[in-house]
Structures are given as C-alpha cells and as structure tokens.
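Dear colleague,

I am handing over a structure to you with this email, and below it you will find my notes on what turned up when I went through it. Please keep the structure open while you read, so that you can look up each residue as it is named.

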Amino acid sequence: MTIHANDSTSQEAQSITAVKSTNSRKNTRLHRARKAMWRHRWLYLLMTPTLIYFVVFKYIPLWNAQIAFKDFKPLLGVWGSPWVGFKHFEAFLDSFYFNQLILNTIFFSLAKLILGLPLAIILALALHEVILKRYRTVVQTVVYLPHFLSWVIMFGVLLMLLSPNNGLINTVIKALGGEPIAFLTSPEWFRAVVVFSDIWKETGWSTILYLAALLSISPHLYEAAKVDGASNLQRIWHISLPGIMSVIVLVTLLRLGHILDAGFNQIFVLYSIPVYSVGDIIDTWVYRQGILQFQFSLATAVGLFKGVFGLILILVANKAAKQITGKGLF
C-alpha cells in the first residue's frame with residue numbers, strides 16, 4: 001500500500017511539474033511576444049488602418065455571404081430568408097451565357113497579363129539602365145501618369161482617338177484612303193481596344209514595382225560584372241532579372257488569383273450592346289442580373305464562385321512556381 005501511495009504521489013508531482021513547465025514556457029513566449037510587439041509598435045501602428053479596412057470591408061461581410069445559399073428577401077433579412085442550397089450556383093453554371101462569360105473573362109485577364117507583364121519588366125530594365133536621372137524621372141512620370149486617370153476620363157481620351165467620325169486614328173485612315181473603323185462598337189476590334197488601353201493605363205504603374213526591386217540590388221554586383229567584362233545585356237540577364245525574379249513571381253501569382261476579375265470598371269465604361277458577345281464578362285453580367293434585377297443571392301453566389309476558383313488557382317500556381325523557380329508566395 002505504501003509503495004502504491006508513493007507511486008501515486010510521484011505521478012501527481014510529475015504531472016504538476018509538467019503543467020508548471022508548460023505554463024512557464026507559455027508565459028515566456030507571451031512575454032517575448034509582448035516585447036517584440038512593443039519593440040515594433042510603430043510598425044503595428046502603421047499597419048492598423050489597413051487591418052481595420054480588411055476586417056470591416058472584407059472579413060465582416062463574409063458573414064452575409066450565406067445569402068448565396070438562400071433566397072434572400074430584404075424584408076426577411078439574412079436569417080429569415082429561406083435556404084435553397086446550391087440553387088443560385090446551378091443557375092449561374094447552367095446559364096446560356098456561362099461559357100461565353102468565362103471565355104471573355106479569362107481572355108481579357110490572360111491577355112493583359114501575358115502582354116502587360118513583359119512590357120512592364122522591359123520598361124523597368126530600360127529605366128534602370130538610363131544614366132541621366134532627370135530623363136528617367138520625366139519618362140517614369142509620363143508613363144505612370146495614366147494610372148491616376150479614371151476609366152471615365154480614359155473613355156473620353158479613347159473616343160477622341162478612335163471615334164469613327166472625327167477620331168485622330170480614323171482621320172489618318174481616311175486621309176490614307178481607307179474606311180473609318182468603329183473600334184468601340186466592332187466585335188472584331190473591341191477586345192484589342194480593351195487589352196491595349198489597359199496596358200497603356202497600367203504598365204507604367206506596374207513598372208514601379210520592378211524598378212524598386214532593381215534599385216535594391218547591390219551596385220557592387222554590377223561593378224564586379226563590369227570589371228569581368230560583362231556587357232549590358234549580360235548584366236541584365238545574369239544580375240537584374242534573377243534579382244527581381246521573386247517580385248515577378250509574386251506579382252504573377254497575385255494576378256493569377258484574380259484571373260476572373262477582368263476589370264469591371266474598364267469594361268463597363270467601354271462596352272455596349274453590339275459588343276456583348278466579345279466584351280461581356282462575369283462582373284458585368286452579375287451587375288445586370290444581380291444588381292439591376294435585385295438578385296442579390298445570385299450576385300453573392302457568383303462572388304463566392306470567383307473566390308473559390310481564384311484560391312484554387314493561386315494554390316496550384318504557387319506550388320508550380322516553387323517547383324520551377326524555388327520561390328513562391330508562401
């Protein structure tokens with residue numbers, strides 16, 4: 001009996017010691033975390049507005065995403081609306097326009113990515129190689145200035161350039177003996193207008209990311225390569241491009257995650273009924289069907305569909321990027 005009592009007491013003592021040890025480690029970790037947070041308090045303070053924005057406008061609204069599975073009635077509210085399961089998802093997938101919408105959306109997104117990404121990288125490399133700083137500053141300002149213009153203003157500019165009656169480009173075409181082209185209402189030309197107008201507007205802004213990455217590369221690498229007799233193209237190929245590869249991968253992955261976001265503001269401003277067949281994308285269709293016709297559940301279901309599809313795509317792309325380049329988003 002005495003032996004059993006001693007064993008029981010020993011086990012209790014070991015349990016108490018283990019609990020105390022665990023609590024001690026937790027207290028130590030909490031203490032270290034508090035010290036680290038206090039040491040970097042200004043960084044946390046700087047992040048606070050962004051965190052508040054995402055919590056208020058991104059995470060809290062997720063609660064109302066349940067209306068994608070309900071027949072939402074504003075008078076009944078989110079809780080009171082009847083549950084319909086995947087009805088709205090099926091309605092979207094079975095829609096007559098589904099294949100067309102997916103094709104148009106992916107076409108615009110991939111075209112902007114495939115054509116815009118290399119141009120932004122080439123422009124950043126060119127600006128990085130410029131010796132005259134004032135010239136570089138002027139060019140950089142000119143190329144990224146269109147980013148700050150809204151698509152409404154850009155539409156006015158495009159109308160002045162592409163109008164069949166008195167647009168600058170059509171004036172030149174007529175002067176050369178050709179027939180004017182209705183660029184904005186022609187299914188044959190509308191996609192090209194959308195893609196190249198987006199590249200014109202956004203390439204300069206994207207260039208800033210790559211130029212900032214280039215400026216972070218140590219100048220000693222270029223000096224050493226120059227001493228070894230490397231040409232400008234060799235320095236670009238062996239130093240500049242590898243130095244910004246992580247940024248290129250990051251930007252590409254983020255763009256792939258939004259591949260079903262083909263640019264609602266741009267398409268909505270530029271398109272019209274004659275080009276619906278080649279210009280209508282998921283977001284414009286949702287605007288007409290979900291917002292104008294008060295089908296809020298349908299609009300939410302399509303939003304969830306886009307989110308899940310984007311998440312899957314970015315996970316696959318991230319894994320592929322890590323296998324190919326050894327670098328990924330996470």
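**Aromatic pairs**

The structure, which is a predicted model, holds 24 aromatic pairs. One of them joins Phe96 and Tyr97, whose ring centres are 5.3 Å apart and whose planes stand at 85 degrees, so this pair is edge-to-face. Phe96 counts as exposed, with a relative accessibility of 71%, while Tyr97, at 40%, is partly exposed.

Another edge-to-face pair is made by Phe268 and Tyr287, with 5.0 Å from centre to centre and 70 degrees between the planes. This pair links distant parts of the chain, since Phe268 sits in helix H12 (residues 264–270) and Tyr287 in helix H14, 19 residues apart. Phe268 is partly exposed at 35% relative accessible area, and Tyr287 is also partly exposed, at 28%. Elsewhere, ring pairs join Phe92, Phe98, Trp285, Phe305 and Phe309 into a cluster.

**The nonpolar cores**

Which residues have the most contacts inside the largest nonpolar core? They are Phe92, Ile121, Tyr210, Ile244 and Ile282, and the core as a whole has 37 residues. At least two residues of this core come from each of helix H5 (98–129), helix H9 (187–215), helix H10 (219–227), helix H11 (232–257), helix H14 (282–292) and helix H15 (296–325). The largest share, 10 residues, is supplied by H5.

On the side of H7 the contact is made by Met160, Leu161 and Leu162, and on the side of H8 by Leu168, Ile169 and Asn170. Sorted by class, the residues of this contact between H7 and H8 are five nonpolar, one polar and no charged.

Helix H6 (residues 133–144) and H9 pack with their axes 7 Å apart and at an angle of about 135 degrees, and H6 and H9 are therefore oblique to each other. Gln140, Val143 and Tyr144 of H6 meet Trp200, Gly204, Trp205, Ile208 and Leu211 of H9 in this contact. The contact of H6 with H9 has six nonpolar and two polar residues, and no charged ones.

**Single residues to look up**

Not counting residues up to four places away in sequence, Gln266 touches Lys112, Trp151, Val194, Ser197 and Asp198.

Ile114, found in helix H5, counts as exposed, with 54% relative accessibility. The C-alpha atoms of Ile114 and Thr252 are separated by 9.7 Å, although these two residues are 138 residues apart along the chain.

In H14, the buried residues are Ile282, Asp283, Thr284, Trp285, Val286, Arg288 and Gly290.

Where does the chain place Phe294? Phe294 lies in the loop between H14 and H15, just after H14. Phi of Phe294 is near 60 degrees, which is a positive value in a residue other than glycine. At 62% relative accessibility, Phe294 counts as exposed.

With best wishes

Terms used: Residues numbered from 1 in each chain as written. Predicted model: local features only at pLDDT ≥ 70, side-chain atom pairs only at ≥ 80, totals over all residues. Heavy atoms only, no water. Contact = heavy atoms within 4.5 Å. Helix = DSSP H or I, 4+ residues; strand = E, 2+ residues; numbered from the N terminus. Nonpolar A, V, L, I, M, F, W, Y, C, P; charged D, E, K, R; others polar. Core = buried A, V, L, I, M, F, W, Y, C linked by side-chain atoms within 4.5 Å. Buried < 20%, exposed > 50% of the residue type's maximum accessible area, 1.4 Å probe, protein only. Phe/Tyr/Trp six-rings, centres within 6.5 Å; stacked < 30°, edge-to-face > 60°. Axes fitted to C-alpha atoms, helices over the stretch in contact; angles between N-to-C directions. Parallel < 35°, antiparallel > 145°, perpendicular 65-115°, else oblique.
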